[in-house]
Amino acid sequence: MRENQTQVTEFVLVGFSAFPDLQGVLFVVFLFMYLMTLAGNLAIMAVIWTDRHLHTPMYLYLGALSFSETCYTFVIIPKALVDLVSEGRIISLTGCVAQMFFFLGLGSTNCAILIVMGYDRYLAICHPLRYGRLMSLHVFVKLVVGSWISGFLVSLVETTLIFQSPFCRSNIINHFFCHMRPVLSLACIDSSTIEVAVSMISMLGLSGSFLLIVLTYLLILGTIVQLPSASGKREKAFSTCAAHLTVVVMHFGFASIIYLKPSPRGSMEEDTLMSVPYTILTPFLSPMIFTLRNKEMKIALRKAFGKRIFS
């Protein structure tokens, strides 16, 4: 540990070294989950690209989310896997900046796309006669591009705030990736003001996004309860929203544990383990939820990859 005032140019990621007896098991488990995440997202993107029946906004947004989550996991998990089987666990200052920037940017983009997916369901259910005009291909492109721009603007602000001062207290990051608070704690200056600012941005972003989705579903619910149950439209409306709502609860639930909690008072091991559901488990479960709870996706996947896999 470098305790002098020499400016840090590289960091050591402690990662899961606190669990030496479990690193082999964790490597196998995380590798399996990462490969399944890649396979699930790539399958979704391939099927949506090739099946003309899925060239609708709802599935195009799903493809956009799958692409974003694929990039999101690529930023974190491969490095974590390498560190589990190596002793160096070193990341350069530039690499740390890039990892945090893309991690925060892609995470924020995922939140924005989930909002847009909820808005798409709102238009389809509450305004079905005007849906084709309100959610045209042009609108779809603008909303997806806007999600990426807004996500990376938030990331740019947070990353700039965190890395605006040099690091000289230590080069040991008590995490398995360049997470905001562990990195910020290594700054040469008092970082309490910056931590409050970054926490406020994260809190407003997460809570605001979640409230928008909740409002959307309240409007959807108000429309669904007015549909005649005998026609089957109510059940169909619920089924089209179930997968998205499940992923939203999982995504924002795990994210709130990481970003909305006060400054960490627990041990380093607790903080590291608490990040696993949001960074590894959520992307792993998301493709399965969207495919297994969606009849049209299951039919398309069965056609593309065989009946035995998705029967």
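Which residues line the second largest cavity? They are His179, Met180, Arg181, Leu184, Glu195, Val198, Ser199, Ser202, Ile258 and Tyr259. Keep in mind that this is a predicted model, where local features need pLDDT of at least 70, side-chain atom pairs count only at pLDDT 80 or more, and totals for chains, interfaces and linings use all residues. Residues are numbered from 1 along each chain as its sequence is written, and side-chain values use heavy atoms, with hydrogens and water left out.

**Ground rules for the voids**

- Both kinds of void come from a 1 Å grid over the protein atoms alone: a cavity is a set of points where a 1.4 Å probe fits but cannot get out, while a pocket is an open set with protein on both sides within 12 Å along at least five of seven lines.
- A residue counts as lining when it has an atom within 4 Å of a point.
- Grid points are joined across faces, edges and corners, and a volume is the space filled by probe spheres set on the points.
- Helices are DSSP runs (H or I, at least four residues), numbered from the N terminus.
- For residue classes, Ala, Val, Leu, Ile, Met, Phe, Trp, Tyr, Cys and Pro count as nonpolar, Asp, Glu, Lys and Arg as charged, and the others, Gly among them, as polar.

**Cavities**

- There are four cavities of 30 Å³ or more in the structure.
- The largest cavity comes out at about 140 Å³, and 14 residues line it, with Met58, Met117, Thr240, His244 and Phe290 nearest its centre.
- Helix 2 (57-84), helix 3 (93-126) and helix 8 (233-259) each put at least two residues into that lining, which splits into seven nonpolar, four polar and three charged residues.
- The second largest cavity, from the opening question, holds about 100 Å³ of space.
- Its lining has five nonpolar, three polar and two charged residues, and helix 7 gives the largest share with four residues.

**Pockets**

- The largest pocket has a volume of about 640 Å³.
- Of its 19 lining residues, Arg121, Ile125, Lys236, Ala237 and Thr240 sit nearest the centre; Thr240 is also among those nearest the centre of the largest cavity.
- Helix 2, helix 3, helix 8 and helix 10 (295-305) each supply at least two residues here, with helix 8 giving the most, five.
- By class, the lining of the largest pocket divides into nine nonpolar, four polar and six charged residues.
- The second largest pocket takes up about 330 Å³ and is lined by 19 residues, of which Ser108, Cys111, Val154, Gly205 and Leu206 lie nearest its centre.
- Helix 3, helix 5 (137-162) and helix 7 each bring at least two residues to the second largest pocket, and the largest share, seven residues, is from helix 3.
- That lining divides into 10 nonpolar, eight polar and one charged.

**Salt bridges**

- Three salt bridges turn up, counting a side-chain nitrogen of Lys or Arg within 4 Å of a carboxyl oxygen of Asp or Glu.
- Asp83 pairs with Lys79, their closest N and O atoms being 3.3 Å apart; both lie in helix 2, four residues apart, about one turn of the helix.
- Asp83 is buried at 6% relative accessibility, whereas Lys79 is partly exposed at 22%; buried means under 20% relative accessible area, exposed over 50%, and partly exposed in between (1.4 Å probe, protein chains only).
- Arg121 and Asp120 meet at 3.0 Å, N to O, with Arg121 buried at 9% and Asp120 buried at 1%.
- Glu195 and Arg181 meet at 3.6 Å, N to O.
- Glu195 lies in helix 7 and Arg181 in helix 6, so this bridge ties together parts that are 14 residues apart in sequence.
- Arg181 counts as buried, at 16% relative accessibility, and both Glu195 and Arg181 line the second largest cavity.

**Core and contacts**

- The largest nonpolar core has 85 residues, and Phe103, Val183 and Tyr259 touch the most other members; such a core is a set of buried Ala, Val, Leu, Ile, Met, Phe, Trp, Tyr and Cys residues joined through side-chain atoms within 4.5 Å.
- Helix 3 provides the largest share of this core, 14 residues.
- Leaving aside neighbours within four places in sequence, Val183 is in contact with Cys96, Met100, Ile162, Phe163, Phe167, Ile173 and Cys178, where contact means heavy atoms within 4.5 Å.
- Thr70, in helix 2, is buried at 14% relative accessibility.
- With neighbours within four places in sequence again left out, Thr70 is in contact with Leu38, Asn41 and Met45.
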